[in-house]
Amino acid sequence: LVVSINAPLSGYGTPRPVLRAILGQLRKPARKDPDCAFELTEMLWASGSREARWLAGELLSLCTSTDPGLADEIINRWRLDLQDAGMADALGLSAGAAVLRRNTREHPSDVRVWLQAGHRWTRRFGLAALVGLVQSGDFRDGAAILETIKTSMSESDTEVRSAVAWLLRELTPVSPLDVVRFLRDWANSMNRQAHWIIRHSLDMLDSQAR
């Protein structure tokens with residue numbers, strides 16, 4: 001039983017364009033019948049393959065506004081079932097970001113719960129959700145996001161730290177001055193974890209800012 005619970009998810013090697021084509025066929029029915037769509041997301045997630053769970057997250061992202069309470073309940077159950085960075089990122093970029101887009105005013109409180117969780121993949125999921133929010137262009141308050149991730153700058157887990165750096169790289173084109181000030185302040189600290197994140201966050205800065 002322990003082996004089966006901790007075993008990595010299986011996959012079929014299905015190309016992403018094929019999965020996107022399947023998702024495209026599901027979009028219209030999902031919007032027409034949200035209750036059925038919610039049931040389908042649960043079935044896909046329970047099936048356990050990487051492809052099915054990717055589809056489940058994408059499909060759930062289409063339904064979050066139709067029943068916010070149910071969407072939040074599903075997200076907070078699924079995030080505890082994440083087993084690796086790939087699936088944490090996939091769920092964060094899709095359904096996690098959709099939850100944040102639905103209510104950007106309340107997003108800091110949602111994200112802080114995720115970022116302070118004891119489960120490492122929940123923390124990575126929360127950062128990926130912020131990446132998805134930034135990539136959507138629906139939320140451009142870089143200072144608010146940077147305030148939210150302050151505690152993550154001391155993250156000890158390398159997989160989670162790499163997601164912090166990823167988020168900072170995505171945020172740089174949107175809010176470059178805020179990011180530069182944020183990184184400069186942390187560079188002046190004695191925090192080794194923060195220094196690691198800074199070294200991996202500089203790609204999107206111009207030479208003068210670096």
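View 1. At 33% relative accessibility, Arg 101 counts as partly exposed (buried is under 20% relative accessible area, exposed over 50%, and partly exposed in between, with a 1.4 Å probe and protein chains only). This is a predicted model, in which local features need pLDDT of at least 70 and side-chain atom pairs count only at pLDDT 80 or more, while totals for chains, interfaces and linings use all residues. Residues are numbered from 1 along each chain as its sequence is written, and side-chain values use heavy atoms, with hydrogens and water left out. Arg 101 forms a salt bridge with Asp 138, with 3.6 Å between the closest N and O atoms (a salt bridge is a side-chain nitrogen of Lys or Arg within 4 Å of a carboxyl oxygen of Asp or Glu). Arg 101 lies in helix α6 and Asp 138 in the loop between α8 and α9 (142-148), so the pair ties together parts that are 37 residues apart in sequence. Helices are DSSP runs of H or I with at least four residues, numbered from the N terminus.

**View 2. Helix α8, residues 120-136.** The 17 residues of α8 should span 24 Å at 1.5 Å a residue, and the end C-alpha atoms are 25 Å apart, which agrees (the expected span is 1.5 Å times one less than the number of residues). Of these 17 residues, 14 are buried, so α8 is largely enclosed by the rest of the structure. Just after α8, Gly 137 has a positive phi of about 80°.

**View 3. The salt bridge between Arg 124 and Asp 89.** The closest N and O atoms of this pair are 2.8 Å apart.

**View 4. Glu 147 with Lys 150.** The side chains of these two residues meet in a salt bridge, at 3.2 Å from N to O. Glu 147 is partly exposed, at 43% relative accessibility. Lys 150 is also partly exposed, with a relative accessible area of 39%.

**View 5. Arg 161 over the ring of Trp 196.** The charged end of Arg 161 sits 4.6 Å from the ring centre of Trp 196. A charge sits over a ring if NZ of Lys or CZ of Arg is within 6 Å of the ring centre and within 35 degrees of the ring normal.

Key: Helices (H or I, at least four residues) and strands (E, at least two) are DSSP runs, numbered from the N terminus.
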